[in-house]
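Welcome! Take a moment to look over the structure below, and then we will walk through it together, one part at a time.

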Amino acid sequence: MVTARNQKLFIDMLPEPMLFVTPGGVVVTANRAASDLLRVRETELVRANLCDLIVEPPDKLLSYLVRCSRGRQFSIALFTFKRPGHAEVQCRCEGALFLQRSHRSEAMLVIRQRLKTEATKRFVALNDQIATLNRARHRLETVVQTRTSDLVAAQAALQELSAKLLQAQDEERRHLAHELHDSTSQVLTAIQLNLSMMLDSKEQIPDNLRGHLSETVALTNQVIGEVRAVSHLLHPPLLDEAGLPLALQSFVDGFEERSDIAVSMEIASTFSRVSVELETAVFRIVQECLTNIHRHSGSKIATVALSEQEGVVRLEIRDEGCGIPGEVFDDRNGTKFKLGLGLRGMRERVRRLGGVIDFSDANPGARIRVRLPYRRAGAPTAKAGPEAVTAPQ
């Protein structure tokens with residue numbers, strides 16, 4: 001075990017003058033070489049304050065000692081020490097952290113008599129510049145860490161806001177769909193019935209008015225159909241009543257009629273009811289993908305595959321059109337370049353449920369794969385993890 005006595009015997013054997021000093025400048029230990037250089041007895045050096053033994057202002061020494069006590073890398077500075085009889089000696093101090101006890105650190109100073117050469121001056125100046133650069137680097141690292149923390153917090157807040165907006169959007173769609181189905185459609189149906197009764201009545205109606213009534217009945221029937229279609233697009237009642245497979249099949253049937261695109265549906269027979277959030281997310285993703293195929297791809301066919309394997313819901317949508325446009329990904333390195341609102345919405349839905357979405361080229365066409373953790377109906381929503389979006393390979 002290294003005792004204080006053994007330590008003192010060891011440093012007394014060294015030829016270099018050495019002092020062990022607290023950050024406040026109090027000498028804790030000194031060796032014989034330091035006593036000989038400063039011409040002060042060892043007993044007088046111990047517990048003496050270096051501020052009383054140097055010519056320079058105390059602030060310079062204290063600042064240097066604090067810098068020395070922060071790390072094990074040596075820090076160098078020049079000081080002029082006083083000797084008895086008003087003599088002075090210029091020395092170069094090399095100091096670094098020696099040990100740390102009870103939250104108090106001591107700096108080990110190696111004191112060398114200064115060589116008055118130009119090379120020494122340049123070395124000391126270079127050391128000062130390195131110390132200045134190190135301090136600037138530490139300040140910059142602190143600023144970067146602070147800014148990074150702020151950015152992470154802002155990103156988390158933005159993702160939370162996006163999730164709330166999507167939830168509010170779904171709730172508003174459900175509300176509007178119910179209003180259109182339960183109120184507007186009922187009123188239009190009543191109007192259509194009244195007009196039909198007028199046409200079927202035995203009262204004499206001029207031929208020109210009867211023609212207008214017939215045309216009005218036809219227009220009313222058309223509006224009723226369009227209102228029902230809009231209601232189902234906003235929020236299909238089958239999604240709540242019968243589940244995801246039947247809701248998707250109903251949507252795809254209507255989509256084929258409106259778009260003249262043949263859609264092949266492949267839904268596993270074992271697929272059961274899942275949570276409301278998961279059913280809504282899958283339905284909206286399929287809805288957005290097929291809408292994009294109709295608007296942008298030029299493909300006349302599309303496939304939708306849905307299954308559940310080993311606790312993971314797997315969804316794949318594919319077409320044979322023009323592929324993913326250049327403004328979505330940078331083809332040179334596969335990095336996300338720009339996403340439209342629809343793709344951003346899909347990505348946010350998947351992220352919120354802790355899943356993964358993958359955009360890739362299918363040659364020809366495009367393929368979108370989604371993997372979501374299976375959550376049975378009535379289970380709480382999964383906590384959103386880091387977003388995972390894979391670019392085309």
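## A hairpin to start with

Strands β1 and β2 form a hairpin, with five residues between them. In the turn, Gly25 has a positive phi of about 100 degrees. β1 covers residues 18-21 and β2 covers residues 27-30, and they pair in the antiparallel sense over three bridges. Two strands count as paired if DSSP finds at least two bridges between them. Val21 stands opposite Val27 in β2.

## How to read this model

This is a predicted model, in which local features need pLDDT of at least 70 and side-chain atom pairs count only at pLDDT 80 or more, while totals for chains, interfaces and linings use all residues. Residues are numbered from 1 along each chain as its sequence is written, and side-chain values use heavy atoms, leaving out hydrogens and water.

The pLDDT (the predictor's confidence in each residue, from 0 to 100) averages 80 over the chain, and 84% of the residues score at least 70. Over residues 330-337 the pLDDT is below 50, and this stretch has 13 contacts in the model beyond near neighbours in sequence. A contact means heavy atoms within 4.5 Å. Residues 385-393 also have a pLDDT under 50, with 26 contacts beyond four places in sequence.

## The whole chain

The chain has 10 helices and 11 strands. These are DSSP runs numbered from the N terminus: helices are H or I with at least four residues, and strands are E with at least two. Of the 393 residues in the chain, 38% are buried. Here buried means under 20% relative accessible area, exposed means over 50%, and partly exposed lies in between (1.4 Å probe, protein chains only).

Among contacts between residues at least 6 apart in sequence, 58% join residues at least 24 apart.

## The largest nonpolar core

A nonpolar core is a set of buried Ala, Val, Leu, Ile, Met, Phe, Trp, Tyr and Cys residues joined through side-chain atoms within 4.5 Å. Which members of the largest core touch the most other members? Among its 36 residues, they are Leu290 and Leu315. Elements giving two or more residues to this core include α8 (244-259), β7 (301-309) and α10 (341-352). The largest share, nine residues, comes from α9.

A second, separate core of 26 residues includes Leu37, Val40, Cys68 and Val89.

Met346 is found in helix α10. At 3% relative accessibility, Met346 counts as buried. Leaving aside neighbours within four places in sequence, Met346 is in contact with Ile285, Glu288, Cys289, Ile357, Phe359 and Ile368. Met346 and Val282 are 64 residues apart in sequence, and their C-alpha atoms are 9.1 Å apart in space.

Ser307 lies in strand β7. Is Ser307 buried or exposed? Ser307 is buried, with a relative accessible area of 18%. Beyond four places in sequence, the contacts of Ser307 are with Ala268, Phe271, Val312, Val313 and Arg314.

## One side of a helix

In helix α4 (residues 58-68), Leu61, Tyr64, Leu65 and Cys68 are buried. They cover an arc of only 100 degrees around the axis, so they lie on the same side of α4. The arc is that of the directions from the helix axis to the C-beta atoms. An α-helix has 3.6 residues a turn, so residues three or four places apart point the same way.
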